[in-house]
Amino acid sequence: MPDPELEQALARLYQDLLAAWNKRDAAAMAGLFTANGSQVGFDGSVANGRSDIESHLAPVFASRPTPAFVGKVREVRALGGAAALLRAVAGMVASGGNDINPDLNTIQTLVASRDAGGPWRIEMFHNTPAAFHGRHHEKEQLTQELRALLKRQG
């Protein structure tokens with residue numbers, strides 16, 4: 001049975017994560033993770049713990065204008081206890097651009113936890129390219145869905 005409060009809380013955490021990326025704020029992004037949280041980037045790079053996540057992202061943000069994320073939550077589900085899973089899809093818009101780059105579409109998974117009554121924090125964020133090898137129709141379908149989302153947000 002869906003839990004609207006859980007769905008709202010995790011969607012907000014996910015949107016905060018994308019907003020921190022889009023602002024190119026490594027400290028804010030790392031602050032959304034648990035002390036031992038981990039992230040796997042689009043390129044397969046792994047960072048473990050807040051300080052490692054921040055030190056990994058800071059030079060990325062400083063070295064080039066990273067594309068901005070546009071994301072859509074597909075599912076939120078409780079995993080039992082104080083843990084939950086969020087599945088999403090996202091596209092990226094180049095700095096100064098106004099369209100989704102289909103080659104940067106991604107499938108995202110976020111696992112979150114919280115201490116009793118505390119805020120939800122990210123345990124794991126995994127960002128996987130949505131290449132859809134040999135399935136061009138699926139790649140195009142996702143791109144169109146993300147373009148429609150971008151237009152609604154704009």
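Me: In this predicted model, which residue of E6 is the bridge partner of Thr109?

Reply: The partner of Thr109 is His126, which lies in E6. That pair belongs to two strands that run antiparallel, E5 (residues 106–113) and E6 (residues 121–129), and eight bridges join them.

Me: What is the order of the strands in the sheet, and which strands form its edges?

Reply: The sheet is open and has six strands, which follow one another as E2-E1-E6-E5-E4-E3, and the pairing is mixed. At the edges are strand E2 (46–48) and strand E3 (68–80), each of which pairs on one side only. On average, neighbouring strands of this sheet are turned by 15° against each other, with direction ignored.

Me: How much space lies in the largest pocket, and which residues are closest to its centre?

Reply: Rolling a probe the size of a water molecule over the atoms shows where empty space is left. Here the largest pocket holds about 400 Å³ of space, and of the 20 residues that line this pocket, Trp21, Phe42, Asp43, Val60 and Arg64 are the closest to its centre.

Me: Which element gives the most to that lining, and what kinds of residue make it up?

Reply: H3 gives the most, with three residues, and E1, H3 and E6 each supply at least two. By kind, the lining of the largest pocket divides into 12 nonpolar, six polar and two charged residues.

Conventions: Residues are numbered from 1 along each chain as its sequence is written. This is a predicted model: local features need pLDDT of at least 70, side-chain atom pairs count only at pLDDT 80 or more; totals for chains, interfaces and linings use all residues. Side-chain values use heavy atoms; hydrogens and water are left out. Two strands pair if DSSP finds at least two bridges between them. Helices (H or I, at least four residues) and strands (E, at least two) are DSSP runs, numbered from the N terminus. Axes are lines fitted to C-alpha atoms, for helices over the stretch in contact, and angles run from 0 to 180 degrees between N-to-C directions. On a 1 Å grid over the protein atoms alone, a cavity is a set of points where a 1.4 Å probe fits but cannot get out, and a pocket is an open set with protein on both sides within 12 Å along at least five of seven lines; lining residues have an atom within 4 Å of a point. Grid points are joined across faces, edges and corners, and a volume is the space filled by probe spheres set on the points. Ala, Val, Leu, Ile, Met, Phe, Trp, Tyr, Cys and Pro count as nonpolar, Asp, Glu, Lys and Arg as charged, and the others, Gly among them, as polar.
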